[in-house]
Amino acid sequence: MRRIGTLADEQSARVLGDYLYSLEIDCQVDPAGEEWAIWVHEEDDLERARGEYDEFLKSPADPKYTAAAKQAEQRREAKIQAEISAKKRQIRLRDRWERPPI
């Protein structure tokens with residue numbers, strides 16, 4: 001995980017975080033003193049994320065950033081549903097081994 005930069009306020013950092021997430025760039029927004037740091041999870045996404053960060057700094061009021069919040073939320077929900085579905089398909093061998101014979 002690598003930090004691509006910081007922003008002065010939480011709301012701006014969250015907007016950028018949602019935008020990056022809508023572009024399928026996994027990231028994290030954390031407080032860093034009086035600022036907010038944006039961290040990118042994957043090294044392969046680092047260059048693209050830094051470019052998007054620079055573009056955000058030039059025009060943070062661009063509507064594409066606020067519009068991305070809905071897409072980011074949909075992606076988060078889909079990820080949660082996929083995890084729930086995968087968990088339902090798992091077989092706990094311990095439960096099968098501990099059953100008494102019929």
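Six salt bridges are present in the structure, a salt bridge being a side-chain nitrogen of Lys or Arg within 4 Å of a carboxyl oxygen of Asp or Glu. The structure is a predicted model, in which local features need pLDDT of at least 70 and side-chain atom pairs count only at pLDDT 80 or more, whereas totals for chains, interfaces and linings use all residues. Residues are numbered from 1 along each chain as its sequence is written, and side-chain values use heavy atoms, with hydrogens and water left out.

One of these salt bridges brings together the side chains of Asp18 and Arg76, with an N to O distance of 2.7 Å. This pair connects distant parts of the chain, since Asp18 belongs to helix H1 and Arg76 to helix H3, 58 residues apart; helices (H or I, at least four residues) and strands (E, at least two) are DSSP runs, numbered from the N terminus. Asp18 is buried, its relative accessible area being 18%, while Arg76 is partly exposed at 31% relative accessibility; here buried means under 20% relative accessible area, exposed over 50% and partly exposed in between, with a 1.4 Å probe and protein chains only.

A further salt bridge is formed by Asp26 and Arg75, whose closest N and O atoms are 3.2 Å apart. This pair, too, links distant parts of the chain, with Asp26 in the loop between H1 and strand S2 (27-32) and Arg75 in helix H3, 49 residues apart. Arg75 counts as partly exposed, at 24% relative accessibility. Glu55 is partly exposed, with a relative accessible area of 39%, whereas Lys58 is exposed, with 65%.

At the start of H3, a side-chain oxygen of Asp62 comes to within 3.0 Å of the backbone nitrogen of Lys64. The buried residues of the helix are Tyr65, Ala68 and Ala72, and the buried residues of H3 pack against helix H1 (10-22) and helix H2 (46-58).

The largest nonpolar core has 18 residues, of which Ile4, Leu7, Leu16, Leu20 and Ile38 touch the most other members; such a core is a set of buried Ala, Val, Leu, Ile, Met, Phe, Trp, Tyr and Cys residues joined through side-chain atoms within 4.5 Å. At least two residues of this core come from each of strand S1 (2-7), H1, S2, strand S3 (35-40), H2 and H3. Leaving aside residues up to four places away in sequence, Leu20 touches Ile4, Ile25, Cys27, Ile38, Ala49 and Glu52, contact meaning heavy atoms within 4.5 Å.

Phe56 lies in helix H2 and counts as buried, at 2% relative accessibility. Although 41 residues separate Phe56 from Val15 in sequence, their C-alpha atoms are 9.7 Å apart. With residues up to four places away again not counted, Phe56 touches Leu7, Ser12, Val15, Leu16 and Tyr65. Ala37, by contrast, is placed in strand S3 and is buried at 1% relative accessibility. Ala37 and Gly5 are 32 residues apart in sequence, with a C-alpha to C-alpha distance of 5.9 Å. Beyond residues up to four places away, the contacts of Ala37 are Arg3, Gly5, Thr6, Gln28, Val29, Asp30 and Ala32.

Finally, Glu24, in the loop between H1 and S2, has a phi near 65 degrees, a positive value in a residue other than glycine. Most residues other than glycine have a negative phi. Glu24 counts as exposed, at 56% relative accessibility.

Conventions. Polar contact = N/O pair within 3.5 Å; in protein donor to acceptor, adjacent residues only side chain to side chain.
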